Amino acid sequence: MAQSVAILGTQWGDEGKGKIVDLLSEKVNAVVRFQGGHNAGHTLIIDGKKTVLHLIPSGILQPGVECMIGNGVVLSPSALKAEVDALEAKGVDVFSRLKISSSCPIIMGYHELIDSAREKARGKEAIGTTGRGIGPAYEDKVSRRGIRFADLLNAKRLEKKLDQILDYHNFVLEHYYQVEPLNPGMVLDDALQLGACFADMMIDVSGRLHQLRDAGKNILFEGAQGSWLDIDHGTYPYVTSSNTTVGGVCTGSGVGIDAVDYVLGITKAYTTRVGSGPFPTELFDDVGVRLADRGHEVGATTGRARRCGWLDAVATARMVKVNGMTGLCVTKLDVLDGFKELKICTAYRLNGEIIKHIPLDAEDWDQVEPIYEVFPGWQENTRGITELEKLPNNARAYLQAMEDFCGAPIHMISTGPERSENIIIQFPFG
Ligand code: GDP
Ligand code: IMO
Ligand code: MG
(Lines give C-alpha, C1' and ligand atoms only; values in the text may rest on other atoms or scores of the structure.)
(Ligands and ions follow the chains in the order given, each with its own letter.)
Protein backbone atom coordinates (compact mmCIF):
# COMPACT_ATOMS: atom_id res chain seq x y z
CA MET A 1 0.00 0.00 0.00
CA ALA A 2 1.22 3.47 -0.83
CA GLN A 3 2.25 5.40 2.20
CA SER A 4 2.95 9.03 2.68
CA VAL A 5 4.73 10.11 5.81
CA ALA A 6 5.12 13.62 7.19
CA ILE A 7 8.20 14.23 9.32
CA LEU A 8 7.80 17.17 11.69
CA GLY A 9 9.75 18.58 14.63
CA THR A 10 7.81 18.62 17.89
CA GLN A 11 9.99 21.22 19.66
CA TRP A 12 11.82 24.41 18.56
CA GLY A 13 13.67 22.90 15.59
CA ASP A 14 16.95 21.00 15.20
CA GLU A 15 15.40 17.80 16.51
CA GLY A 16 17.28 15.74 13.91
CA LYS A 17 14.63 15.78 11.16
CA GLY A 18 17.17 15.76 8.33
CA LYS A 19 18.86 12.59 9.55
CA ILE A 20 15.53 10.73 9.73
CA VAL A 21 14.28 12.06 6.38
CA ASP A 22 17.49 10.81 4.77
CA LEU A 23 17.10 7.42 6.44
CA LEU A 24 13.47 6.95 5.40
CA SER A 25 14.07 8.32 1.89
CA GLU A 26 15.39 4.91 0.93
CA LYS A 27 11.78 3.74 0.92
CA VAL A 28 10.17 6.55 -1.05
CA ASN A 29 9.88 7.90 -4.57
CA ALA A 30 9.77 11.55 -3.59
CA VAL A 31 10.70 13.91 -0.76
CA VAL A 32 8.97 17.28 -0.52
CA ARG A 33 9.74 20.44 1.44
CA PHE A 34 6.52 22.38 2.04
CA GLN A 35 7.36 25.39 4.23
CA GLY A 36 10.20 27.51 5.54
CA GLY A 37 13.25 28.31 3.47
CA HIS A 38 17.02 28.37 3.92
CA ASN A 39 16.53 29.24 7.60
CA ALA A 40 16.55 25.45 8.03
CA GLY A 41 19.76 23.52 8.58
CA HIS A 42 19.39 19.75 8.24
CA THR A 43 22.49 17.70 8.98
CA LEU A 44 23.13 14.31 7.39
CA ILE A 45 26.08 12.14 8.37
CA ILE A 46 26.75 9.21 6.10
CA ASP A 47 29.88 7.10 6.59
CA GLY A 48 31.44 9.94 8.55
CA LYS A 49 30.78 12.52 5.80
CA LYS A 50 28.73 15.53 6.84
CA THR A 51 26.28 17.35 4.57
CA VAL A 52 24.18 20.29 5.76
CA LEU A 53 21.10 21.03 3.66
CA HIS A 54 19.12 24.26 3.92
CA LEU A 55 16.69 24.28 1.03
CA ILE A 56 17.20 21.06 -0.86
CA PRO A 57 15.18 18.13 0.53
CA SER A 58 17.11 15.65 2.66
CA GLY A 59 16.32 12.85 0.20
CA ILE A 60 18.96 14.15 -2.21
CA LEU A 61 21.67 11.78 -0.97
CA GLN A 62 19.54 8.71 -1.71
CA PRO A 63 20.06 8.02 -5.42
CA GLY A 64 16.99 8.14 -7.63
CA VAL A 65 14.68 9.89 -5.17
CA GLU A 66 12.73 12.81 -6.65
CA CYS A 67 13.21 15.95 -4.54
CA MET A 68 10.63 18.71 -4.64
CA ILE A 69 10.27 22.20 -3.24
CA GLY A 70 6.58 22.94 -2.77
CA ASN A 71 4.70 26.22 -3.12
CA GLY A 72 4.82 26.83 0.64
CA VAL A 73 8.60 27.26 0.65
CA VAL A 74 10.07 30.75 0.32
CA LEU A 75 12.87 30.32 -2.18
CA SER A 76 16.12 32.26 -2.26
CA PRO A 77 17.58 31.66 -5.74
CA SER A 78 21.05 32.72 -4.61
CA ALA A 79 21.00 30.35 -1.62
CA LEU A 80 19.68 27.59 -3.87
CA LYS A 81 22.45 28.18 -6.39
CA ALA A 82 25.14 27.93 -3.71
CA GLU A 83 23.63 24.71 -2.37
CA VAL A 84 23.12 23.08 -5.77
CA ASP A 85 26.64 23.99 -6.89
CA ALA A 86 28.20 22.60 -3.69
CA LEU A 87 26.34 19.30 -4.03
CA GLU A 88 27.03 18.95 -7.75
CA ALA A 89 30.72 19.61 -7.05
CA LYS A 90 30.65 16.64 -4.68
CA GLY A 91 29.17 14.48 -7.42
CA VAL A 92 25.55 14.53 -6.23
CA ASP A 93 23.11 14.66 -9.12
CA VAL A 94 20.81 17.56 -8.25
CA PHE A 95 19.94 19.06 -11.63
CA SER A 96 17.98 16.09 -12.91
CA ARG A 97 16.26 15.31 -9.60
CA LEU A 98 15.27 18.62 -8.03
CA LYS A 99 11.90 20.11 -9.00
CA ILE A 100 10.51 23.43 -7.82
CA SER A 101 6.93 24.70 -7.70
CA SER A 102 6.22 27.55 -10.10
CA SER A 103 4.32 29.23 -7.23
CA CYS A 104 7.17 29.45 -4.69
CA PRO A 105 7.44 32.98 -3.31
CA ILE A 106 10.92 34.33 -3.99
CA ILE A 107 13.20 35.70 -1.27
CA MET A 108 14.85 38.76 -2.76
CA GLY A 109 17.85 40.71 -1.48
CA TYR A 110 15.57 43.39 -0.02
CA HIS A 111 13.88 40.81 2.21
CA GLU A 112 17.19 40.08 3.89
CA LEU A 113 17.88 43.80 4.30
CA ILE A 114 14.46 44.32 5.89
CA ASP A 115 14.93 41.26 8.15
CA SER A 116 18.20 42.54 9.59
CA ALA A 117 17.10 46.20 9.77
CA ARG A 118 13.96 45.16 11.63
CA GLU A 119 15.83 42.93 14.07
CA LYS A 120 18.20 45.80 14.79
CA ALA A 121 15.28 48.14 15.38
CA ARG A 122 13.66 45.68 17.83
CA GLY A 123 16.77 45.89 20.00
CA LYS A 124 16.32 43.81 23.16
CA GLU A 125 13.09 42.39 21.78
CA ALA A 126 14.71 40.97 18.66
CA ILE A 127 13.29 37.58 17.58
CA GLY A 128 16.78 36.28 16.89
CA THR A 129 15.88 35.38 13.31
CA THR A 130 18.30 33.63 11.02
CA GLY A 131 18.52 36.85 8.99
CA ARG A 132 17.55 35.01 5.82
CA GLY A 133 14.63 37.28 4.90
CA ILE A 134 12.05 34.61 5.73
CA GLY A 135 9.51 36.82 7.53
CA PRO A 136 9.57 39.69 5.02
CA ALA A 137 9.21 37.25 2.09
CA TYR A 138 6.14 35.64 3.66
CA GLU A 139 4.75 39.13 4.33
CA ASP A 140 5.01 39.96 0.63
CA LYS A 141 3.29 36.68 -0.22
CA VAL A 142 0.37 37.37 2.11
CA SER A 143 0.11 41.00 1.04
CA ARG A 144 -0.21 39.73 -2.56
CA ARG A 145 2.66 41.76 -3.93
CA GLY A 146 5.27 38.97 -3.88
CA ILE A 147 7.36 37.63 -6.73
CA ARG A 148 6.91 33.96 -7.52
CA PHE A 149 9.26 31.51 -9.17
CA ALA A 150 7.41 31.68 -12.52
CA ASP A 151 7.87 35.47 -12.58
CA LEU A 152 11.65 35.01 -12.78
CA LEU A 153 11.20 33.45 -16.22
CA ASN A 154 9.19 36.33 -17.66
CA ALA A 155 11.36 39.45 -17.96
CA LYS A 156 8.58 41.88 -18.83
CA ARG A 157 6.29 40.77 -16.03
CA LEU A 158 9.11 40.70 -13.53
CA GLU A 159 10.22 44.21 -14.41
CA LYS A 160 6.72 45.57 -13.91
CA LYS A 161 6.26 43.80 -10.57
CA LEU A 162 9.69 44.78 -9.31
CA ASP A 163 9.08 48.41 -10.14
CA GLN A 164 6.02 48.46 -7.94
CA ILE A 165 7.52 46.41 -5.12
CA LEU A 166 10.77 48.35 -4.99
CA ASP A 167 8.91 51.60 -5.00
CA TYR A 168 7.43 50.48 -1.69
CA HIS A 169 10.40 48.65 -0.12
CA ASN A 170 12.96 51.27 -1.10
CA PHE A 171 10.83 53.91 0.57
CA VAL A 172 10.67 51.88 3.79
CA LEU A 173 14.36 50.99 3.68
CA GLU A 174 15.50 54.52 3.05
CA HIS A 175 13.10 56.56 5.16
CA TYR A 176 12.14 54.20 7.97
CA TYR A 177 15.25 52.06 8.48
CA GLN A 178 17.78 54.52 7.05
CA VAL A 179 19.34 51.87 4.84
CA GLU A 180 20.62 52.40 1.28
CA PRO A 181 17.84 51.79 -1.28
CA LEU A 182 18.34 49.22 -4.04
CA ASN A 183 18.86 49.86 -7.72
CA PRO A 184 15.84 48.34 -9.58
CA GLY A 185 17.85 47.58 -12.72
CA MET A 186 20.45 45.59 -10.80
CA VAL A 187 17.83 43.70 -8.82
CA LEU A 188 16.06 42.79 -12.07
CA ASP A 189 19.23 41.58 -13.83
CA ASP A 190 20.24 39.44 -10.85
CA ALA A 191 16.82 37.90 -10.53
CA LEU A 192 16.59 37.07 -14.24
CA GLN A 193 20.05 35.55 -14.28
CA LEU A 194 19.37 33.35 -11.25
CA GLY A 195 15.91 32.39 -12.48
CA ALA A 196 17.42 31.17 -15.77
CA CYS A 197 19.70 28.75 -13.85
CA PHE A 198 16.68 26.89 -12.53
CA ALA A 199 14.22 27.21 -15.41
CA ASP A 200 14.29 23.47 -16.13
CA MET A 201 13.37 22.65 -12.55
CA MET A 202 10.05 24.47 -12.60
CA ILE A 203 7.05 22.14 -12.40
CA ASP A 204 3.54 21.89 -10.99
CA VAL A 205 4.55 20.16 -7.73
CA SER A 206 0.97 19.68 -6.64
CA GLY A 207 0.05 17.94 -9.92
CA ARG A 208 3.17 15.77 -9.78
CA LEU A 209 2.29 14.65 -6.25
CA HIS A 210 -1.21 13.68 -7.37
CA GLN A 211 0.33 11.59 -10.17
CA LEU A 212 2.66 9.84 -7.74
CA ARG A 213 -0.16 9.14 -5.28
CA ASP A 214 -2.37 7.78 -8.07
CA ALA A 215 0.47 5.51 -9.19
CA GLY A 216 0.79 4.12 -5.66
CA LYS A 217 4.16 5.71 -4.92
CA ASN A 218 5.49 6.60 -1.46
CA ILE A 219 6.06 10.24 -0.57
CA LEU A 220 7.88 11.85 2.35
CA PHE A 221 6.98 15.37 3.47
CA GLU A 222 9.97 17.00 5.16
CA GLY A 223 9.15 19.59 7.80
CA ALA A 224 11.54 22.40 8.67
CA GLN A 225 11.80 24.24 11.99
CA GLY A 226 9.72 22.85 14.84
CA SER A 227 6.08 22.92 15.88
CA TRP A 228 6.73 25.51 18.60
CA LEU A 229 8.04 27.88 15.91
CA ASP A 230 4.69 27.68 14.05
CA ILE A 231 3.29 31.11 13.21
CA ASP A 232 -0.15 30.18 14.62
CA HIS A 233 0.51 27.53 17.27
CA GLY A 234 3.98 28.46 18.49
CA THR A 235 5.39 30.84 21.10
CA TYR A 236 4.26 33.95 19.19
CA PRO A 237 5.85 36.37 18.38
CA TYR A 238 9.05 34.36 18.90
CA VAL A 239 8.31 32.07 15.97
CA THR A 240 9.10 31.72 12.30
CA SER A 241 6.64 32.94 9.65
CA SER A 242 5.25 29.67 8.30
CA ASN A 243 3.00 26.86 9.47
CA THR A 244 5.46 24.25 10.63
CA THR A 245 2.65 22.02 11.90
CA VAL A 246 0.84 19.39 9.88
CA GLY A 247 -1.60 21.69 8.05
CA GLY A 248 1.40 23.19 6.27
CA VAL A 249 1.89 19.89 4.42
CA CYS A 250 -1.37 20.34 2.51
CA THR A 251 -1.26 24.08 1.89
CA GLY A 252 2.46 24.06 1.16
CA SER A 253 2.47 21.26 -1.39
CA GLY A 254 -1.05 21.06 -2.76
CA VAL A 255 -2.28 17.69 -1.52
CA GLY A 256 -5.36 16.74 0.48
CA ILE A 257 -5.31 15.53 4.07
CA ASP A 258 -5.84 12.01 2.74
CA ALA A 259 -2.28 12.24 1.38
CA VAL A 260 -0.81 12.10 4.87
CA ASP A 261 -1.03 8.53 6.12
CA TYR A 262 1.37 8.82 9.00
CA VAL A 263 2.85 11.74 10.98
CA LEU A 264 6.23 11.10 12.59
CA GLY A 265 7.16 13.55 15.34
CA ILE A 266 10.89 14.02 15.75
CA THR A 267 11.63 14.70 19.42
CA LYS A 268 15.02 15.33 20.95
CA ALA A 269 15.45 13.44 24.26
CA TYR A 270 15.99 16.89 25.82
CA THR A 271 15.19 20.37 24.44
CA THR A 272 17.10 23.05 22.52
CA ARG A 273 16.16 26.42 21.11
CA VAL A 274 18.07 28.95 18.95
CA GLY A 275 17.13 32.61 19.06
CA SER A 276 14.96 34.44 21.59
CA GLY A 277 11.69 33.47 23.20
CA PRO A 278 10.22 31.45 26.04
CA PHE A 279 11.83 28.15 27.02
CA PRO A 280 10.50 27.01 30.42
CA THR A 281 12.94 24.13 30.93
CA GLU A 282 16.07 26.02 29.88
CA LEU A 283 19.12 25.26 32.07
CA PHE A 284 21.69 27.89 32.95
CA ASP A 285 23.90 25.59 35.03
CA ASP A 286 26.59 23.03 34.27
CA VAL A 287 23.94 20.48 33.28
CA GLY A 288 22.90 22.77 30.41
CA VAL A 289 26.52 23.19 29.42
CA ARG A 290 26.99 19.43 29.47
CA LEU A 291 23.96 18.91 27.19
CA ALA A 292 25.32 21.55 24.80
CA ASP A 293 28.79 19.98 24.78
CA ARG A 294 27.71 16.37 24.43
CA GLY A 295 25.04 17.25 21.85
CA HIS A 296 27.32 19.64 19.88
CA GLU A 297 24.47 22.11 20.11
CA VAL A 298 25.55 24.76 17.65
CA GLY A 299 23.12 26.03 14.99
CA ALA A 300 23.62 24.40 11.56
CA THR A 301 22.58 27.59 9.72
CA THR A 302 23.90 30.52 11.75
CA GLY A 303 26.52 28.86 13.97
CA ARG A 304 24.85 30.30 17.10
CA ALA A 305 24.99 28.36 20.37
CA ARG A 306 21.71 26.56 21.01
CA ARG A 307 20.06 27.07 24.38
CA CYS A 308 19.62 23.72 26.16
CA GLY A 309 17.28 22.28 28.77
CA TRP A 310 15.30 19.26 29.93
CA LEU A 311 12.54 17.65 27.92
CA ASP A 312 9.29 19.60 28.20
CA ALA A 313 6.57 16.95 27.99
CA VAL A 314 3.73 19.47 28.45
CA ALA A 315 4.85 21.39 25.36
CA THR A 316 5.59 18.20 23.39
CA ALA A 317 2.27 16.56 24.27
CA ARG A 318 0.50 19.65 22.99
CA MET A 319 2.22 19.31 19.62
CA VAL A 320 1.50 15.58 19.45
CA LYS A 321 -2.17 16.60 19.47
CA VAL A 322 -1.86 19.65 17.20
CA ASN A 323 -0.18 17.46 14.56
CA GLY A 324 -2.14 14.25 15.12
CA MET A 325 1.15 12.44 15.47
CA THR A 326 1.10 8.72 14.72
CA GLY A 327 4.43 7.98 16.35
CA LEU A 328 7.53 9.62 17.75
CA CYS A 329 11.16 9.27 16.81
CA VAL A 330 13.32 10.12 19.84
CA THR A 331 16.70 11.51 18.81
CA LYS A 332 20.01 12.12 20.60
CA LEU A 333 19.31 9.61 23.35
CA ASP A 334 23.07 8.96 23.48
CA VAL A 335 23.66 12.57 24.55
CA LEU A 336 22.02 11.69 27.90
CA ASP A 337 24.59 8.96 28.67
CA GLY A 338 26.46 9.49 31.92
CA PHE A 339 24.05 11.86 33.69
CA LYS A 340 23.34 11.04 37.36
CA GLU A 341 19.73 11.99 37.01
CA LEU A 342 17.40 13.22 34.28
CA LYS A 343 14.30 15.38 34.45
CA ILE A 344 11.12 15.64 32.43
CA CYS A 345 8.79 18.60 32.84
CA THR A 346 5.26 17.23 33.36
CA ALA A 347 3.43 20.34 34.63
CA TYR A 348 3.89 24.10 35.01
CA ARG A 349 3.37 26.52 37.84
CA LEU A 350 1.68 29.69 36.61
CA ASN A 351 0.63 32.48 38.96
CA GLY A 352 0.81 30.08 41.92
CA GLU A 353 -1.37 27.47 40.26
CA ILE A 354 -0.23 24.09 38.95
CA ILE A 355 -1.35 23.49 35.36
CA LYS A 356 -0.84 20.51 33.08
CA HIS A 357 -1.52 22.42 29.87
CA ILE A 358 0.03 25.33 28.02
CA PRO A 359 -0.85 28.88 29.09
CA LEU A 360 -3.94 30.37 27.47
CA ASP A 361 -2.22 33.67 26.71
CA ALA A 362 1.08 33.31 24.82
CA GLU A 363 2.40 36.32 26.75
CA ASP A 364 2.26 34.16 29.91
CA TRP A 365 4.88 31.74 28.58
CA ASP A 366 7.58 33.83 30.26
CA GLN A 367 5.94 33.36 33.68
CA VAL A 368 5.69 29.58 33.45
CA GLU A 369 7.86 27.56 35.86
CA PRO A 370 8.53 23.88 35.12
CA ILE A 371 7.61 21.11 37.54
CA TYR A 372 9.73 18.02 37.04
CA GLU A 373 9.63 14.27 37.49
CA VAL A 374 13.13 12.96 38.20
CA PHE A 375 14.58 9.77 36.68
CA PRO A 376 17.81 7.92 37.41
CA GLY A 377 20.37 8.27 34.61
CA TRP A 378 22.56 5.52 33.13
CA GLN A 379 26.33 5.27 32.90
CA GLU A 380 26.51 2.88 29.94
CA ASN A 381 27.29 4.02 26.38
CA THR A 382 24.20 3.94 24.13
CA ARG A 383 25.85 5.48 21.06
CA GLY A 384 25.13 3.37 18.00
CA ILE A 385 22.90 0.79 19.71
CA THR A 386 20.44 -0.68 17.19
CA GLU A 387 18.40 -3.03 19.38
CA LEU A 388 15.96 -1.92 22.04
CA GLU A 389 16.92 -4.84 24.30
CA LYS A 390 20.51 -3.58 24.44
CA LEU A 391 19.58 -0.23 25.98
CA PRO A 392 20.24 0.13 29.73
CA ASN A 393 17.11 -0.39 31.86
CA ASN A 394 17.18 3.22 33.03
CA ALA A 395 17.22 4.43 29.41
CA ARG A 396 14.21 2.25 28.64
CA ALA A 397 12.41 3.61 31.70
CA TYR A 398 13.17 7.17 30.58
CA LEU A 399 11.82 6.41 27.09
CA GLN A 400 8.70 4.84 28.59
CA ALA A 401 8.14 8.03 30.60
CA MET A 402 8.61 10.12 27.44
CA GLU A 403 6.00 8.02 25.70
CA ASP A 404 3.55 8.25 28.61
CA PHE A 405 3.92 11.99 29.16
CA CYS A 406 4.09 13.01 25.51
CA GLY A 407 1.09 10.90 24.56
CA ALA A 408 2.33 9.06 21.47
CA PRO A 409 4.12 5.75 20.93
CA ILE A 410 7.85 5.84 20.26
CA HIS A 411 8.39 4.13 16.91
CA MET A 412 12.05 4.99 16.37
CA ILE A 413 15.07 5.94 18.49
CA SER A 414 18.17 7.63 17.13
CA THR A 415 21.35 6.74 19.02
CA GLY A 416 23.90 8.72 17.04
CA PRO A 417 24.24 11.13 14.11
CA GLU A 418 25.14 8.44 11.54
CA ARG A 419 22.47 7.20 9.16
CA SER A 420 22.89 3.68 10.59
CA GLU A 421 22.61 4.55 14.30
CA ASN A 422 18.95 3.82 15.01
CA ILE A 423 16.58 1.50 16.82
CA ILE A 424 13.50 0.83 14.73
CA ILE A 425 10.52 -0.27 16.79
CA GLN A 426 7.83 0.20 14.18
CA PHE A 427 8.86 1.25 10.71
CA PRO A 428 6.54 3.94 9.27
CA PHE A 429 6.43 2.14 5.91
CA GLY A 430 5.36 -1.17 7.45
P1 GDP B 1 17.27 19.24 11.99
O2 GDP B 1 17.31 20.70 11.70
O3 GDP B 1 16.04 18.83 12.72
O4 GDP B 1 17.51 18.38 10.78
O5 GDP B 1 18.48 18.95 12.99
P6 GDP B 1 19.98 19.56 12.87
O7 GDP B 1 20.69 18.84 11.78
O8 GDP B 1 19.96 21.03 12.83
O9 GDP B 1 20.55 19.20 14.30
C10 GDP B 1 20.64 17.88 14.75
C11 GDP B 1 22.10 17.58 15.05
O12 GDP B 1 22.19 16.41 15.85
C13 GDP B 1 22.93 17.29 13.82
O14 GDP B 1 24.23 17.73 14.03
C15 GDP B 1 22.87 15.77 13.71
O16 GDP B 1 24.02 15.23 13.05
C17 GDP B 1 22.88 15.37 15.15
N18 GDP B 1 22.14 14.15 15.48
C19 GDP B 1 20.98 13.68 14.94
N20 GDP B 1 20.57 12.57 15.58
C21 GDP B 1 21.49 12.33 16.55
C22 GDP B 1 21.61 11.35 17.57
O23 GDP B 1 20.77 10.46 17.74
N24 GDP B 1 22.69 11.44 18.40
C25 GDP B 1 23.62 12.41 18.28
N26 GDP B 1 24.63 12.42 19.13
N27 GDP B 1 23.54 13.35 17.32
C28 GDP B 1 22.48 13.33 16.48
P1 IMO C 1 15.54 23.54 11.33
O2 IMO C 1 14.74 23.14 10.12
C3 IMO C 1 15.91 26.08 14.84
C4 IMO C 1 14.29 30.14 14.55
C5 IMO C 1 15.27 31.29 14.58
C6 IMO C 1 14.42 32.35 15.27
C7 IMO C 1 13.03 32.08 14.70
C8 IMO C 1 12.64 32.99 13.53
O9 IMO C 1 17.00 23.40 11.15
O10 IMO C 1 15.01 22.88 12.55
P11 IMO C 1 13.38 33.07 10.98
O12 IMO C 1 14.72 33.28 10.36
O13 IMO C 1 12.73 31.78 10.62
O14 IMO C 1 12.45 34.24 10.81
O15 IMO C 1 13.68 33.01 12.58
O16 IMO C 1 13.03 30.73 14.27
N17 IMO C 1 14.55 29.11 13.50
C18 IMO C 1 15.04 27.90 13.76
N19 IMO C 1 15.48 27.35 14.91
N20 IMO C 1 15.90 25.35 13.71
C21 IMO C 1 15.45 25.87 12.56
O22 IMO C 1 15.30 25.14 11.44
C23 IMO C 1 15.04 27.22 12.53
N24 IMO C 1 14.56 28.04 11.57
C25 IMO C 1 14.26 29.20 12.19
O26 IMO C 1 16.42 30.96 15.32
O27 IMO C 1 14.38 32.09 16.64
MG1 MG D 1 18.52 22.37 12.04
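A search of the whole structure finds 17 salt bridges, each being a side-chain nitrogen of Lys or Arg within 4 Å of a carboxyl oxygen of Asp or Glu. The model is predicted, so local features need pLDDT of at least 70 and side-chain atom pairs count only at pLDDT 80 or more, while totals for chains, interfaces and linings use all residues. Residues are numbered from 1 along each chain as its sequence is written, chains are lettered from A and ligands numbered from 1 in the order in which they are written, and side-chain values use heavy atoms, with hydrogens and water left out.

Side chains of opposite charge can pair when their charged atoms come close. One salt bridge joins the side chains of arginine 306 and aspartate 14, with 3.0 Å from N to O. Arginine 306 belongs to the loop between α9 (286-294) and β11 (307-309), and aspartate 14 to the loop between β1 (4-9) and α1 (17-24), so the pair ties together parts that are 292 residues apart in sequence. Helices (H or I, at least four residues) and strands (E, at least two) are DSSP runs, numbered from the N terminus. Aspartate 14 also has a positive phi of about 60°, although it is not a glycine.

Aspartate 14 leads on to ligand 1. An N or O atom in the aspartate 14 side chain is 2.9 Å from an oxygen atom of ligand 1, which is a polar contact (a pair of N or O atoms within 3.5 Å; within protein, one must be able to donate a hydrogen and the other to accept it, and residues adjacent in sequence count only if both atoms are side-chain atoms). Glutamate 15 has a backbone N or O atom 3.1 Å from an oxygen atom of ligand 1. For threonine 43, a polar side-chain atom lies 2.7 Å from an oxygen atom of this ligand. The protein covers 92% of the 590 Å² of accessible area that ligand 1 has on its own, by the Shrake-Rupley method with a 1.4 Å probe; for residues, only the protein chains shown count as cover.

There are 18 residues around ligand 1, and Lys17, Gly18, Thr43, Asp334 and Ser414 come nearest; a residue counts if one of its heavy atoms lies within 4 Å. By class, this shell divides into 3 nonpolar, 8 polar and 7 charged residues. Here Ala, Val, Leu, Ile, Met, Phe, Trp, Tyr, Cys and Pro count as nonpolar, Asp, Glu, Lys and Arg as charged, and the others, Gly among them, as polar.

In asparagine 39, a side-chain N or O atom is 2.9 Å from an oxygen atom of ligand 2. Of the 560 Å² of accessible area that ligand 2 has on its own, the protein covers 97%.

Two backbone features remain. The peptide bond from tyrosine 236 to proline 237 is cis, with omega near 5°, and proline 237 sits in the loop between β8 (219-222) and α8 (247-253). Glutamine 178 has a positive phi of about 50° although it is not a glycine; its place is in the loop between α5 (155-176) and α6 (184-197).
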